There are 2 protein chains.
Amino acid sequence: MLDDKNLYKTSISQYGEFGLIQHLTESFTISDPSTIKGIGDDAAVLDPKGKKVLVTSDILIENVHFNLAYTPLKHLGYKCVVISLSDLAAMNATPGQIIISIAVSNRFPVEALDEIYSGIHAACKQYKVDLAGGDTASSNLGLVINSTAIGYAEENEIIYRNGAKPNDLLVVSGDLGGAYFGLQVLERENVAFKSNPDLQPDLAGYSYILERQLKPEARTEVKSLLKEMDLHPTSMIDLSDGLASEIIHLSQQSKVGFSIYEEKIPMDNQVITTAEEFGINPVTGILNGGEDYELVFTIPITEHDKIKHNPNFTVIGHATADKNNVLITKGSSQVIPLTAQGWDAYLNKKKKV
Amino acid sequence: MLDDKNLYKTSISQYGEFGLIQHLTESFTISDPSTIKGIGDDAAVLDPKGKKVLVTSDILIENVHFNLAYTPLKHLGYKCVVISLSDLAAMNATPGQIIISIAVSNRFPVEALDEIYSGIHAACKQYKVDLAGGDTASSNLGLVINSTAIGYAEENEIIYRNGAKPNDLLVVSGDLGGAYFGLQVLERENVAFKSNPDLQPDLAGYSYILERQLKPEARTEVKSLLKEMDLHPTSMIDLSDGLASEIIHLSQQSKVGFSIYEEKIPMDNQVITTAEEFGINPVTGILNGGEDYELVFTIPITEHDKIKHNPNFTVIGHATADKNNVLITKGSSQVIPLTAQGWDAYLNKKKKV
């Protein structure tokens, strides 16, 4: 739908092993002081300089996590870095390195791999992380990307999922739902394109939500924002899945309940208008959709003054002593228990161990 | 060929996300003192205790790296840990943690995942490493496993690929070729089974080489052996690919040549007899086959006395000043330049970035 495949010509086999790896990685340089040895040996060698080391891994499968019909390869490369950096941001760690494994079928020409690596390169530059290694393999199964991110933090900086206390305020960064409704637009246009390939996709007016879906960003700057504000979250998680299942994670691990106010949930105007167009309640999309990669965290209620006028953050509710009971208040009085959609839809969703 | 699929009954969707993850990982405990937080948050939290941190990642794709027709799932789980620990052993690092991403199709019942995780568990126990996280996802593409291993070493313990000097001795651990010829037997029996499913596979007399293929071990004990022997390798790599391409890596990165003596290459008697049976020169299998996961390293010639009677190691040649010229001497005089098979066969082989 978006790519002209005829532009791609060079077969991977023309390069051979060493040539291909050198070609794909020659524009990458080492810039993080914690990287002693990046690409080119049996393992990356890192110097944590006295800090704790945080490691997280995510796997992306073609036609499960992305659809190449409407995902530009450069954006896919960028996104595979971002989703792992988002996990580090959720621990309040500073990212240092990324390791990428790619398995690719022989229908992929070198120029397509170049596009993926140009996105990885752009993300490394944006987030000041080093590509420190990985693995490339052939795949008769389609495209698979695994990204492993390595970050650093002082022990007392690390924020787990299990520290929320009753009465803590529940806070989110940014606004929610963009990625989910961006995906709805892309899926709709892809269906239209498949039934009539001469049709140009109608993407005007959706630029913000499309970017949220195709080129998400990790909230790695939140660590320094929290420090500047002298704010001390008691628990934190990133919004890779829907808001509901992430809050249930905080609830279960912190052994508290939560009460959320629907009207407090921050959303862009494009989310509201697109939700209306699709006949979907925008909050339903936010609770179950995912992929916004914002952070959701709890702070002691005593720190409310530090955050209440900050445009980067929104208080959407609070923790309660009613363990494992997560409630959302709609309008003035209607209270609904939240469940994590997707539990039984396991096979259509990516899940973290 | 080896599994009775009828034994497997429970659908993954019966468990739901949290239930499945808990079920798969409940038998894993944290034992390494460097693991502060393992499974259950956005990232693993590790304490390197002043050491350098080594990280490596490998991806395994169904029908590229393994064939479920003859690979027991427990062995596959064990092997996916071993191949990454082998990369750490090749850097002379001590392994601490493993992070496993698995993507699996809905044709996989929970019992099949249990088998894979029982192999991962056995490997974690054998090598004293902690399962510290990962990702599970659905796959419409078959089974995909990515393993990331994290290890530790003092800076002066780390052995790179680039330190070999002319006249250094070239040494290998263990014996070679078992994994390659084990694979030939399994492939032959699989072809026979496919043409006549009533046929029982004839695997008697191949137990050593079958184990080398199906349940390889990582030479993580070499680090302490080297220390006991007061031996200081100048370069090291593991034999995941064939001996030829690994020695060419050492040659290119160390900017030395190598001269290898065919009759010095250590091989088990089962390798010799099986090679004869298949009409393949055993050395050809060793040079190009791979998957032995032994270590090959160089030591200063002045340290020869320390190693010459050690049954764990064999000197197979030496480094030369003739940069990038890797030669093998066959018999008394025939000298052949070595090339890395598989360069142009890229798409049929796994390659490291």
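Modeller: A:Ile299 sits in strand β10 (residues 295–299) of chain A; strands are DSSP runs of E, at least two residues, and helices runs of H or I, at least four, numbered from the N terminus. This is a predicted model: local features need pLDDT of at least 70, side-chain atom pairs need 80 or more, and totals for chains, interfaces and linings use all residues. Residues count from 1 along each chain as its sequence is written, chains are lettered from A and ligands numbered from 1 in the order written, and side-chain values use heavy atoms, without hydrogens or water.

A:Ile299 has 0% relative accessibility, so this residue counts as buried (under 20% relative accessible area; exposed is over 50%, partly exposed in between; 1.4 Å probe, protein chains only). Beyond four places in sequence, A:Ile299 touches A:Asp168, A:Leu169, A:Val171, A:Leu231, A:His232, A:Pro233, A:Thr234 and A:Ile307. Contact means heavy atoms within 4.5 Å. Take A:Val171: 128 residues separate A:Val171 from A:Ile299 in sequence, yet their C-alpha atoms are 7.6 Å apart.

Elsewhere in chain A, A:Ser105 lies in the loop between β4 (94–104) and α3 (110–127). At 8% relative accessibility, A:Ser105 counts as buried. Leaving out neighbours within four places in sequence, the contacts of A:Ser105 are A:Ser139 and A:Gly142.
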